Amino acid sequence: KDAETIVKTVDKFDKLNNTMSVTASQLGEGSKRAAAVLASAGNSLDQTLAMISGASEITQDVDKTSNAFRTLALRIQGKIMPLLCGNTFAVGAVIVP
């Protein structure tokens with residue numbers, strides 16, 4: 001069953017690689033950044049790949065796109081709240097400059 005899951009996942013990356021303007025490698029890097037956070041927000045791998053590849057068609061930047069989806073999901077879940085002082089963010093109870 002694990003091998004079947006791996007093959008299905010590789011097929012998804014390959015299909016997007018062949019039909020969108022993103023490579024499987026870029027999708028891998030983008031999903032590595034955002035998939036865990038998006039999964040905790042209730043998104044499936046299919047939804048995550050669709051969001052990253054679709055938005056990357058427009059932005060032509062998978063890194064920024066995946067970081068944006070990661071940040072949005074964290075903010076929606078209330079895990080990052082921008083403070084009103086510069087570029088400081090509150091992550092949980094820790095202040096990160």
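This is a predicted model: local features need pLDDT of at least 70, side-chain atom pairs count only at pLDDT 80 or more; totals for chains, interfaces and linings use all residues.
1. Overall make-up. The protein contains four helices and three strands. Read from the N terminus, its elements follow the order α-α-α-α-β-β-β.

2. Burial and surface. The protein has 97 residues, of which 24% count as buried.

3. Contacts along the sequence. Taking contacts between residues at least 6 apart in sequence, 42% join residues at least 24 apart.

4. Helix α2 against helix α3: geometry. Helix α2 spans residues 24-40, and helix α3 spans residues 45-59. The axes of α2 and α3 come within 10 Å and cross at roughly 130°. That angle makes α2 oblique to α3, since it falls in none of the parallel, antiparallel or perpendicular ranges, the antiparallel one starting over 145 degrees and the perpendicular one running from 65 to 115. The crossing of α2 past α3 is right-handed.

5. Helix α2 against helix α3: residues. On the α2 side the contact is made by L27, G30, S31, A34, A35 and L38, and on the α3 side by T48, L49, M51, I52 and S53. By class, the residues of this contact of α2 with α3 are seven nonpolar, four polar and no charged.

6. Residue S31. Is S31 buried or exposed? S31 has a relative accessibility of 9% and therefore counts as buried, the cut-off being under 20%. S31 lies in helix α2. Apart from neighbours within four places in sequence, S31 is in contact with F13, L49 and I52. Of these partners, L49 and I52 are also among the α3 residues listed for the contact with α2.

7. Helix α3 against helix α4: geometry. Helix α4 covers residues 62-76, and it packs with α3 at an angle of about 130°, the two axes lying 9 Å apart. That makes α3 oblique to α4. Here, too, the crossing is right-handed, with α3 passing α4.

8. Helix α3 against helix α4: residues. From α3, residues M51, I52, A55, S56 and T59 meet V62, T65, S66 and F69 of α4. This contact of α3 with α4 has five nonpolar, four polar and no charged residues.

Technical notes. Residues are numbered from 1 along each chain as its sequence is written. Side-chain values use heavy atoms; hydrogens and water are left out. Axes are lines fitted to C-alpha atoms, for helices over the stretch in contact, and angles run from 0 to 180 degrees between N-to-C directions. Helices (H or I, at least four residues) and strands (E, at least two) are DSSP runs, numbered from the N terminus. Angles under 35 degrees count as roughly parallel, over 145 as roughly antiparallel, 65 to 115 as roughly perpendicular and the rest as oblique. A crossing is left-handed if the near helix is turned anticlockwise from the far one by less than a right angle, and right-handed if clockwise. Contact means heavy atoms within 4.5 Å. Ala, Val, Leu, Ile, Met, Phe, Trp, Tyr, Cys and Pro count as nonpolar, Asp, Glu, Lys and Arg as charged, and the others, Gly among them, as polar. Buried means under 20% relative accessible area, exposed over 50%, partly exposed in between (1.4 Å probe, protein chains only).
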